[in-house]
Amino acid sequence: MAEQTSAGPDRQGTPEPHIRPVALGGVVFAVCILTVIGCYHAIAGLAAIIDHNFYRSQQDYAYDFSINGWGWLQLITGIVVAAAAFNLFKGRTWARAVGIGVAMASALENFFFTPYSPVWSAIIIALDVLVIWSLATYGHQEAHKVYNAPL
């Protein structure tokens with residue numbers, strides 16, 4: 001027979017946490033968006049590495065690095081962001097902290113990348129902010145309930 005579970009107290013007498021669908025959906029959203037952001041960074045980095053004329057060098061820009069340097073930075077960031085996205089499904093607290101940190105670094109990098117690609121940078125910054133919000137609202141209690149992570 002199938003065993004039934006309830007939202008009542010468990011065997012130790014502590015009540016089980018109530019999972020908010022928005023919080024659980026927020027982590028799935030964050031993983032999907034972080035994967036897309038990581039792929040965008042990697043593609044933008046490869047474009048800059050392969051074709052030095054893909055992005056134009058900016059005049060009088062204080063953070064004007066070489067296009068090849070921006071390409072490698074974007075490629076490495078893309079790999080790190082995608083790796084953080086894949087680690088989020090394990091339900092560990094450190095993965096959420098890394099996801100928030102990586103999203104903050106991605107937003108900061110895109111802020112400095114704005115003169116090269118203004119529309120995409122604004123879109124990625126907005127998505128990074130949504131990822132940070134969704135990961136910050138997902139609590140440790142929900143991770144325990146969903147992933148059976150240790151309390």
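Ground rules first. I number residues from 1 along each chain as its sequence is written. Since the model is predicted, local features need pLDDT of at least 70 and side-chain atom pairs pLDDT 80 or more, while totals for chains, interfaces and linings use all residues; side-chain values use heavy atoms, with hydrogens and water left out.

**Fold.** I looked up the elements and got five helices and zero strands (DSSP runs numbered from the N terminus: H or I of at least four residues for helices, E of at least two for strands).

**Core.** I went for the largest nonpolar core next, and it has 24 residues (buried Ala, Val, Leu, Ile, Met, Phe, Trp, Tyr and Cys joined through side-chain atoms within 4.5 Å; buried is under 20% relative accessible area, exposed over 50%, partly exposed in between, with a 1.4 Å probe and protein chains only). H1 (21-50), H2, H3 (93-113) and H4 (118-136) each supply at least two of its residues, and H1 gives the largest share, nine. Leu34 and Val131 are among those with the most contacts inside this core. I checked Val131: beyond its neighbours within four places in sequence, it is in contact (heavy atoms within 4.5 Å) with Ala30, Ile33, Leu34 and Ala103.

**Surface.** On H2 (residues 67-87) I picked Ile76. Ile76 counts as exposed because its relative accessibility is 51%. Together with Trp72 and Val80, Ile76 makes a nonpolar surface patch of about 300 Å² (residues with over 30% relative accessible area and no salt bridge, nonpolar side chains Val, Leu, Ile, Met, Phe, Trp and Tyr joined within 5 Å, like charges within 9 Å; a salt bridge is a Lys or Arg side-chain nitrogen within 4 Å of an Asp or Glu carboxyl oxygen; areas by Shrake-Rupley with a 1.4 Å probe, and for residues only the protein chains shown count as cover).
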